[in-house]
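My notes are below, in the order I took them.

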Amino acid sequence: MQWNLRLRAAERGIWKSAQLRRMLTDAGLEISAGKMSSWWVGTPPTMRLEDLDVLCSVLECTPNDFMTPEPAKVAARRPKNSDAANGANHGQPGDTGDGPAVPPRFGKPRSTPPL
């Protein structure tokens, strides 16, 4: 996801993170300067829904206004070879392509529960 906080803040005439931080405090959300900085200059790895709700209220927007999907980045994360992602060992000795061999269990398949 692309994070667009600075763009949305600029649309509301907010040009500094300290100004937005004061507005958030007035709305009941007190955050540290470090957290505000991480929201302002980059994409936060996580965000509490309560914080997002206050942020939307202060900037009079919706969560969709902050985030833009990036499908190309999602596609780039997918493994190129789906067999490698599933753990196949192609090209190794004894490899049949069906996964590891599991010997059959004869007799009772399960132990009895403790008394």
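The entries go from the overall picture to single residues.

**Ground rules.** I am working from a predicted model, so to speak of local features I need pLDDT of at least 70, and side-chain atom pairs count only at pLDDT 80 or more, while totals for chains, interfaces and linings use all residues. Numbering runs from 1 along each chain as its sequence is written, and side-chain values use heavy atoms, with hydrogens and water left out.

**Overall layout.** I take helices (H or I, at least four residues) and strands (E, at least two) as DSSP runs, numbered from the N terminus. Along the sequence the order is β-α-α-α-α-α-β-α-α.

I then looked at burial: 21% of the 115 residues count as buried. For me buried is under 20% relative accessible area, exposed is over 50%, and partly exposed is in between (1.4 Å probe, protein chains only). The exposed surface comes to about 9,100 Å², with 54% of it from carbon and sulfur atoms; these areas are Shrake-Rupley values with a 1.4 Å probe, and for residues only the protein chains shown count as cover.

I also checked contacts, meaning heavy atoms within 4.5 Å. Among contacts with a separation of 6 or more, 58% join residues 24 or more positions apart.

**The core.** Which residues touch the most other members of the largest nonpolar core? They are Leu 5, Leu 20, Leu 24, Leu 55 and Phe 66, out of 19 residues. Two or more residues each come from α1 (5-11), α2 (17-26), α3 (33-41) and α4 (49-59), and α4 gives the largest share, six residues. By nonpolar core I mean a set of buried Ala, Val, Leu, Ile, Met, Phe, Trp, Tyr and Cys residues joined through side-chain atoms within 4.5 Å.

Beyond its neighbours within four places in sequence, Leu 24 contacts Leu 29, Ile 31, Met 36, Trp 39, Val 54, Leu 55 and Val 58.

**Helix α3.** The buried residues I find in α3 are Met 36, Trp 39 and Trp 40. They sit on the same side of α3, because they cover an arc of only 95° around the axis; the arc is that of the directions from the helix axis to the C-beta atoms. Their cover includes β1 (2-3), α1, α2 and α4.

**Helix α4.** In α4 I list Asp 51, Leu 52, Val 54, Leu 55, Cys 56, Val 58 and Leu 59 as buried. What covers them includes β1, α1, α2, α3, α5 and β2 (67-68).

Asp 51 made me stop, as an acidic name in that list. Its relative accessible area is 3%, so Asp 51 counts as buried. Leaving out neighbours within four places in sequence, Asp 51 contacts Leu 29, Lys 35 and Trp 39.

**After α4.** I moved on to Glu 60, in the loop between α4 and α5. Glu 60 follows α4 with a positive phi of about 50°, and it is not a glycine. Most residues other than glycine have a negative phi. Glu 60 is exposed, at 60% relative accessible area.

Thr 62 is in the loop between α4 and α5 (63-66) as well. Buried or exposed, or in between? Thr 62 is partly exposed, at 39%.

**Cysteines.** Cys 56 is buried at 8%, and Cys 61 is buried at 16%.

**Arg 8.** Last, I looked up Arg 8 in helix α1. Arg 8 counts as buried, at 18% relative accessibility. A polar atom of the Arg 8 side chain lies 2.5 Å from the backbone oxygen of Asp 65. Beyond its neighbours within four places in sequence, Arg 8 contacts Leu 59, Asp 65 and Phe 66.

Technical notes. A polar contact is a pair of N or O atoms within 3.5 Å; within protein, one must be able to donate a hydrogen and the other to accept it, and residues adjacent in sequence count only if both atoms are side-chain atoms.
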